[in-house]
Amino acid sequence: MAASIMLLIVVTVLVSFIFYAIVVHRKQRSRNRFSDKNVLVLTAHPDDECMFFAPTILDLQQKHVICFSSGNYYGHGEVRRKELFKSCSILGIPQQNISIIDDSNLQDDPNVIWDDDYLSQLILDKIKKLKVHVVITFDDYGVSGHSNHKSLFSAVHKLLSQRQLPAGIEAYSLESIAIWRKYLMLLDLPVSYLHPQDLLFVSSWSGVWKAQKAMYAHYSQFVWFRVLYILFSRYMVINTLTPITS
């Protein structure tokens, strides 16, 4: 019995690695659908960009990141600002394309839902100013369940449902997945690949290294369980994006 289980694990790992190599090879030979588009990624806190969105960001050509708080929940806001710029530099985001919103109405707090009307207007103003074609943010669970993450989805969904976005704007959310999949790293790839309606972003090994390096830039947040996250989180390797609809 034990031998059978071990064989199954070995086969699963080998198949996943082969599948990963094929997917990365095919990706390198093709253009992603956002190659010629100006893309805006909306995050709630410094480190969201690399902790959750790195595979997507690394595959974008024209990219902007707006972080809607300085992450000052524990009083480290000024330090975390600097860390964000270091992380974004590693991910290939020009400094002029990075914005941090430090607003008393949008403070970092896992128990606070940000005001929909206020936040959606801020987002709309940024979209118009930057002339973006695509907006990417969290989904309605926000990957980790953080209330600020959920607020970003709610605000973008509100803009869509009320038809306030400029014509032609596409909006996507980062898919939240079950906890048992979250820490499978690339072993989750076959499961992710079975959802053809989603956009799949898979990082090469060099991309994974960049994401990990960007995570290390957020040294003020570095506690032991983040090491485990860096080593095993599927979000270090794989992103699946789902269209946000009204």
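**A network of charges**

Author: Start with R80 and D108, whose side chains meet in a salt bridge (3.9 Å, N to O). The two sit in distant parts of the chain, 28 residues apart: R80 in helix α4, D108 in the loop between β3 (98–100) and α5 (116–130). The model is predicted: local features need pLDDT of at least 70, side-chain atom pairs pLDDT 80 or more, while totals for chains, interfaces and linings use all residues. Residues are numbered from 1 along each chain as its sequence is written, and side-chain values use heavy atoms, without hydrogens and water.

Reader: What is a salt bridge?

Author: Side chains of opposite charge can pair when their charged atoms come close. The cut-off: a side-chain nitrogen of Lys or Arg within 4 Å of a carboxyl oxygen of Asp or Glu. This structure holds 10 salt bridges.

Reader: Which residue pairs with D47 at 3.3 Å?

Author: R80 does, by a salt bridge between side chains (N to O). D47 lies in the loop between β1 (38–43) and α2 (48–51) and R80 in helix α4 (residues 77–90), so the pair ties together parts 33 residues apart in sequence. Helices (H or I, at least four residues) and strands (E, at least two) are DSSP runs, numbered from the N terminus.

Reader: And what is the distance between D47 and R226?

Author: Their salt bridge spans 2.7 Å, N to O. R226 is in helix α10 (residues 224–232), so its pairing with D47 ties together parts 179 residues apart in sequence.

Reader: Is D47 buried or exposed?

Author: Buried, at 3% relative accessibility. Buried means under 20% relative accessible area, exposed over 50%, partly exposed in between (1.4 Å probe, protein chains only). R80 is buried at 5%, D108 at 10% and R226 at 11%. Salt bridges link D47, R80, D108 and R226 in a network.
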